[in-house]
Amino acid sequence: MRFLKWTAIILAILVTGLWFGASYFVKKGAEAFVADLAAKGMVAGTPGISVGGFPARMDLALSAVKFVDPKTGAGWEGAELHIFAPSWKPWQITAELPPSQTLTLPGMTGNQTVGVTSQGLTASV
């Protein structure tokens, strides 16, 4: 019985450590992605990047997201973007888009801005 108790404790410590380690790398990866886009000349920014969902999922939350290509004028803006994956199936990724988004599309006569509103718009890979 003592063996089972210590096995459970060690397993819980390992799972907790793995989750916090993975959350660190997910956050650093998102920050590096935004910085890489900015380095390539894109207008890319999000003032808030956070990771949550312990222990069941890995939730990446981006606030005030903006991606714009200054060369073409094409872009996307949203108040928030949530990307999450279950801890037991990290390859099953789901993105939850905000209820209000703005798309900027290049055109012959200039850029057109399109507002998109939705409820529960998600995409899974």
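Glu31 is partly exposed, with a relative accessible area of 29%; partly exposed lies between buried, under 20% relative accessible area, and exposed, over 50%, using a 1.4 Å probe and protein chains only. This is a predicted model, in which local features need pLDDT of at least 70, side-chain atom pairs count only at pLDDT 80 or more, and totals for chains, interfaces and linings use all residues. Residues are numbered from 1 along each chain as its sequence is written, and side-chain values use heavy atoms, with hydrogens and water left out.

The side chain of Glu31 meets that of Lys28 in a salt bridge, at 3.5 Å from N to O. A salt bridge here is a side-chain nitrogen of Lys or Arg within 4 Å of a carboxyl oxygen of Asp or Glu. Side chains of opposite charge can pair when their charged atoms come close. Lys28 is partly exposed as well, at 38% relative accessibility. Both residues belong to helix α1, residues 2-39, and stand 3 residues apart, about one turn of the helix. Helices (H or I, at least four residues) and strands (E, at least two) are DSSP runs, numbered from the N terminus.

How many salt bridges does the structure hold? There are 3. Another joins the side chains of Lys40 and Asp36, at 3.4 Å from N to O. Lys40 is exposed, with a relative accessible area of 59%, while Asp36 is partly exposed at 37%.

Let us turn to Arg57 and Asp59. Their side chains form a salt bridge at 2.9 Å, N to O. Arg57 is partly exposed, at 33% relative accessibility, and Asp59 is found in strand β3, residues 57-68.
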